[in-house]
Amino acid sequence: MYKIVVKGGLSPAESAEIMSCCPGATIVSGTDEEIASSLPDTEVVWGSLDPAQLAQAEKLLLMQVVTAGVDHLLSPELLASHARLCTTSGMHGATIAEHVFSLVLAFARGLPTLFGQQQLKVWQHYRPTLLQGQVMGIVGFGSIGQAIGQRALAFGLQVIGLRRNPSPSPSATMVWGEDRLDELLPLVDHLVLAVPLTPATTNLLSQERLKLLKPSAYLYNIARGAVVDEDALAAALAQGELAGAGLDVFATEPLPPDSPLWSLNNAIITPHTAGYLADYRRQALAIFLDNLRRLKQGLPLANEVDKGAGY
Ligand code: GLV
């Protein structure tokens with residue numbers, strides 16, 4: 001039966017669940033030093049091995065990571081490995097969509113302004129613009145984009161999803177091909193970035209493309225910082241060429257203290273937190289156990305990454 005390495009600690013309850021899914025398995029967890037000697041005959045990893053560890057794990061069949069994105073993991077060693085790579089994709093849609101809507105509503109209802117007034121005990125009305133009838137563009141219309149689109153439709157927004165292989169969706173008014181980004185940008189009141197980071201999406205929202213957005217538009221990035229030209233974005237926000245931005249991800253994380261983004265009054269900065277959940281680890285374990293069963297039975301794995309495509 002499999003030798004399973006668990007990165008990042010393991011509780012007795014988690015260990016018992018893995019053993020009942022995979023009786024006879026050997027579970028190894030602990031420090032990297034403790035794990036090192038087990039790597040040559042490890043078949044399964046829950047968590048992620050670094051490139052040097054991957055090179056040691058010659059018998060690895062499955063690396064089940066605990067994130068949705070794998071951009072940071074796709075090393076030459078991983079591409080060369082025969083191991084299959086699976087994500088926790090699918091568990092982030094609702095939580096990220098709620099995060100995005102907390103930002104959309106905060107901007108629409110003037111909460112940053114009203115919080116400022118509260119500090120000063122100022123009683124002054126705010127005149128919101130309704131979301132109803134506005135247009136939201138969602139770049140990347142996978143499970144996360146669709147969860148956002150579903151909520152946007154309920155608020156009366158028109159939703160245009162953009163994806164590589166477009167097909168009609170109940171979570172959008174329209175779904176367009178990814179080649180129509182330049183056509184989409186001038187139309188939107190709210191633009192959400194929900195694409196995986198790949199060579200094709202690096203700097204997708206370039207300085208030139210940022211200029212295609214209306215000055216009244218809001219941007220939300222819950223994808224990866226490198227999808228946007230961050231310097232051009234900071235300048236556009238400072239100069240009022242964009243109404244505001246809700247940013248959860250950054251080119252460098254943690255966001256460095258000298259980043260101009262911190263002090264913009266039309267940016268809401270959150271620390272790469274949109275995808276978290278109080279019971280994240282429990283949900284991630286359920287996905288791992290499901291894939292462990294599938295691996296044993298020779299069934300297709302859930303959330304398997306196409307390493308060539310990068311997601
Ligand atoms: C977080 O950003 C993730 O990819 O899970």
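Predicted model: local features only at pLDDT ≥ 70, side-chain atom pairs only at ≥ 80, totals over all residues.
**Exercise 1. The largest pocket**

Solution. 
Step 1. Start with the volume, which is about 1,200 Å³ for the largest pocket.
Step 2. Look at the residues around this space: 50 residues line the pocket, and those closest to its centre are Ile-144, Ala-194, Val-195, Pro-196 and Tyr-311.
Step 3. Assign the lining to secondary structure. Helix H7 (143-154), strand E7 (158-163) and helix H8 (181-184) each give at least two residues. The largest share, three residues, is that of H7.

**Exercise 2. The ligand**

Find which residues surround the ligand, and state how much of its area the protein buries.

Solution. 
Step 1. List the surrounding residues: Thr-67, Ala-68, Gly-69, His-92, Arg-224 and His-272.
Step 2. For Ala-68, a backbone N or O atom lies 2.7 Å from a ligand oxygen. Arg-224 has a polar side-chain atom at 2.8 Å from an oxygen of the ligand. For His-272, the distance from a polar side-chain atom to a ligand oxygen is 2.6 Å.
Step 3. Turn to the area. The ligand taken alone exposes 190 Å², and the protein buries 81% of this.

**Exercise 3. The cavity**

Determine how many cavities of 30 Å³ or more there are, and which residues line the largest cavity.

Solution. 
Step 1. The count is one cavity of 30 Å³ or more.
Step 2. The space in the largest cavity is about 40 Å³.
Step 3. Its lining consists of Asn-221, Gly-225, Val-228, Glu-230, Leu-233, Leu-247, Val-249, Phe-250 and Leu-261.
Step 4. By class, this lining has six nonpolar residues, two polar residues and one charged residue.

**Exercise 4. Two backbone details**

Locate the cis peptide bond and the loop that holds Asn-203.

Solution. 
Step 1. The cis peptide bond is between Glu-253 and Pro-254, with omega about -5°.
Step 2. Pro-254 belongs to the loop between strand E11 (244-247) and strand E12 (267-269).
Step 3. Asn-203 is not a glycine, yet its phi is positive, about 60°.
Step 4. The loop that holds Asn-203 runs between strand E9 (190-193) and helix H9 (207-210).

Key: Residues numbered from 1 in each chain as written. Heavy atoms only, no water. 1 Å grid on protein atoms, 1.4 Å probe; cavity = no way out; pocket = protein on both sides within 12 Å on 5 of 7 lines; lining within 4 Å. Points joined across faces, edges and corners; volume = space filled by probe spheres on them. Helix = DSSP H or I, 4+ residues; strand = E, 2+ residues; numbered from the N terminus. Near = heavy atom within 4 Å. Polar contact = N/O pair within 3.5 Å; in protein donor to acceptor, adjacent residues only side chain to side chain. Areas by Shrake-Rupley, 256 points an atom, 1.4 Å probe, with all protein chains shown as cover. Nonpolar A, V, L, I, M, F, W, Y, C, P; charged D, E, K, R; others polar.
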